[in-house]
Amino acid sequence: MLHELLLALLGYTGDLIIHNSNSNSDDRPFKLASDISFIQPSDRDLIERIITLGFYYRELDRFATESRNLSWIRSAKNESPLELSSSKNPASVYRRAIANGVVEMLSVYRSAVLHVEQKLLAETVPILATVTQGLNKFFVLLPPLYELILEIERDNIRGGQLLNLLHKRCHCGVPELQTCIQRLLWHGHQVMYNQLASWMVYGILQDQHGEFFIRRQEDTDVDHGSSLPDIPEKLARLSTDDTSLTDWHLGFHISLDMLPEYIHMRVAESILFAGKAIRVLRNPSPSFRREVALYHQQMPRGSQKLQGLMGRFSFQKEPLMDAKLMGEELLPQTEADKIEAMLLDLKESSEFHKRSFESAVDSIRAIAASHLWQLVVVRADLNGHLKALKDYFLLAKGDFFQCFLEESRQLMRLPPRQSTAEADLMVPFQLAALKTISEEDKYYLRVSLRMPSFGFMVKSSQVDIPKPKDYADGNSSSALSSASSEMSLDGWDGIALEYSVDWPLELFFTQEVLSKYRRVFQYLLRLKRTQMELEKSWASVMHQDHTDFANRRNDRVNRPVSQQRRQRFRPMWRVREHMAFLIRNLQFYIQVDVIESQWNVLQAHIQDSHDFTELVAFHQEYLSALISQSFLDIGSVSRILDGIMKLCLQFCWKIENQENGSNTSELEHITEEFNKKSNSLYTILRSSRLAGSQRAPFLRRFLLRLNFNSFFEATARGVLNVVRPRPALPALNQQ
């Protein structure tokens with residue numbers, strides 16, 4: 001009877017102690033055989049209570065055996081990871097780790113049973129009292145552990161969800177049970193720390209069964225049943241095939257299902273960033289490696305090619321240190337060892353300390369961000385490219401765009417041709433570059449002109465530069481005028497720039513960032529084109545006026561007619577001056593108050609920061625400020641400004657064609673619409689919602705320059721609802 005009892009405590013039933021397979025939740029699974037009559041009812045009840053521990057032991061041992069079974073390795077050769085995860089008993093490294101902790105617990109239980117057996121065989125002591133006294137502490141451990149494995153198997157809990165469950169069960173009022181659950185959680189954390197070390201030290205995601213809270217993007221698309229063709233479309237938007245770039249933008253994400261609740265989302269994002277940064281640093285693009293190899297080959301020669309290569313990796317402060325940095329790895333081994341040591345300290349700790357974990361993650365993230373900053377800012381010359389984007393996309397090279405608009409002025413008077421619009425524009429674009437851009441400007445070669453609505457991009461090097469006299473003969477203009485096109489007169493508003501970015505700057509200048517630059521560029525180019533047309537129209541009218549004045553001196557017969565004609569056009573000159581005044585002040589506000597001030601703020605941040613993520617955030621704030629303070633994100637203001645610029649262009653073209661007998665009603669309509677829109681613009685901008693907010697800190701200066709003599713304020717009263725009649729202009733063709 002004694003050995004039957006001891007074997008039952010280890011999960012083995014026999015003739016005296018049987019397994020009640022038909023038992024419900026209220027019955028005991030192990031019980032004494034019903035034909036045993038020599039045991040008192042009280043002793044029977046005590047024995048059946050004790051041998052319940054044997055049932056718990058057997059179930060826990062079954063769970064540990066199944067979870068530690070490595071037969072899935074052989075089956076994994078013939079099955080995909082998706083089939084393995086969807087099988088009845090999916091493999092799980094976290095369950096295997098928990099099973100190791102359960103095995104530790106069961107070994108302690110077996111030792112206690114062995115100790116009870118030795119004591120019963122060595123001494124004459126009461127059997128039931130000795131067994132109860134030796135195993136009583138396990139009544140608070142095995143039943144909760146059995147309920148735990150039941151929940152794990154029933155709900156198929158794995159990975160971070162399993163850690164989360166164990167962390168919740170740690171909060172109990174039984175010290176022995178709390179210590180046991182904490183030990184199981186420690187085993188689970190060992191797997192997590194191994195995955196963290198692989199991810200944050202080597203940039204490798206070791207997660208065959210989808211249990212880590214860092215996931216590959218394609219894994220999520222498969223899990224949620226989304227269409228796989230979406231991924232190639234996303235990857236096609238990138239301008240390079242480098243795997244490091246695709247991994248950075250689209251490769252990995254945080255799986256909220258597997259993220260333990262005790263790990264904050266901010267910490268998980270830091271882990272995600274650190275791993276992605278390490279992947280970038282350990283896997284530079286092939287073109288970058290070739291440039292580094294070329295640098296080392298040419299360094300002793302001191303040739304001009306070397307100087308050009310050094311210019312590409314130039315420093316802002318200490319260019320002489322470049323050779324030293326180029327000889328080092330992007331991620332020195334000492335830094336990798338430091339990261340590994342931090343994770344090892346966390347791994348060896350007996351308990352999970354949230355503050356220590358978050359501190360270590362922040363330190364690792366800082367190391368990764370610092371080296372990524374070194375790569376992007378120092379080696380890849382980030383500030384030089386930012387300056388180039390400011391020069392070309394924000395029109396800081398005013399002489400270049402002034403020359404371009406002057407060279408293309410006659411071309412833009414006609415509708416663009418669908419087949420050759422980009423090629424037609426490249427002629428004045430190249431001429432402007434020849435006149436204003438020096439050969440030392442290495443960034444100009446990265447700029448390409450395109451018309452998005454007219455097909456593919458035309459590189460600067462793909463168009464031969466004709467001689468100026470070939471363009472001045474007007475052949476291109478006559479060809480355009482003879483072409484039949486249904487495009488609107490403002491079809492040239494679609495002019496855009498493209499900027500070629502190499503690795504690793506593509507981590508910083510994403511397609512979203514470049515699209516914001518293009519949006520601001522198109523707005524500024526329209527504004528500069530409008531301002532130039534207003535100036536050119538004034539020059540043209542004054543030239544005509546001086547010609548008429550010279551003719552009057554020689555023609556006394558038509559002198560009164562010429563004087564009368566000059567008087568008729570004085571109101572139009574006044575309207576043109578109002579237009580030029582508004583456009584000039586708007587252009588000054590955007591170029592000086594917005595762009596230059598925000599550029600200075602960005603430069604200050606670049607000088608003070610050594611963190612890549614901070615630079616990305618500062619640059620996003622810089623672009624957002626440009627867009628918001630230029631009112632591009634306010635639909636009503638943006639539409640009014642577009643309307644004003646179109647009215648100004650139409651006005652200029654009508655005035656210059658006055659000799660052909662322009663329609664007076666059209667000029668009246670343009671003047672009336674301009675006054676309505678300009679007064680509406682002033683009314684909206686001076687509202688407390690804009691002028692009193694922090695979104696446009698220099699808006700008050702702009703309004704002050706507009707309304708320096710209270711003219712706008714006086715004319716804007718009631719203009720939104722009431723249009724005041726204006727005196728009709730005399731017929732321009734009246735003689």
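Let me start with a term: an axis here is a line fitted to C-alpha atoms, for a helix over the stretch in contact. Two packed helices are described by the angle between their axes and the distance between the axes. Keep in mind that this is a predicted model.

First, the overall picture. The protein has 735 residues, and 49% of them count as buried. Its secondary structure comes to 32 helices and six strands. Take the contacts with a separation of 6 or more: 77% of them are between residues 24 or more positions apart. The accessible surface is about 36,600 Å². Carbon and sulfur atoms hold 51% of that surface.

Helix α9 covers residues 175-202, and helix α13 covers residues 265-282. They pack at an angle of about 50 degrees, with axes 6 Å apart. So α9 is oblique to α13. Who makes the contact? From α9, we have Leu196, Trp199, Met200, Val201 and Tyr202. From α13, the list is Ile271, Leu272, Ala274, Gly275, Lys276, Ile278, Arg279 and Arg282. By type, the contact divides into nine nonpolar residues, one polar and three charged.

Gln531 sits in helix α25, residues 511-554. Is Gln531 buried or exposed? Its relative accessible area is 12%. The cut-off for buried is under 20%, so Gln531 is buried. What does its side chain do? The side chain of Gln531 makes a polar contact with the side chain of Glu535, at 2.4 Å. Leaving out residues up to four places away in sequence, Gln531 touches Ile583 and Gln587.

Methods. Residues numbered from 1 in each chain as written. Predicted model: local features only at pLDDT ≥ 70, side-chain atom pairs only at ≥ 80, totals over all residues. Heavy atoms only, no water. Axes fitted to C-alpha atoms, helices over the stretch in contact; angles between N-to-C directions. Helix = DSSP H or I, 4+ residues; strand = E, 2+ residues; numbered from the N terminus. Parallel < 35°, antiparallel > 145°, perpendicular 65-115°, else oblique. Contact = heavy atoms within 4.5 Å. Nonpolar A, V, L, I, M, F, W, Y, C, P; charged D, E, K, R; others polar. Buried < 20%, exposed > 50% of the residue type's maximum accessible area, 1.4 Å probe, protein only. Areas by Shrake-Rupley, 256 points an atom, 1.4 Å probe, with all protein chains shown as cover. Polar contact = N/O pair within 3.5 Å; in protein donor to acceptor, adjacent residues only side chain to side chain.
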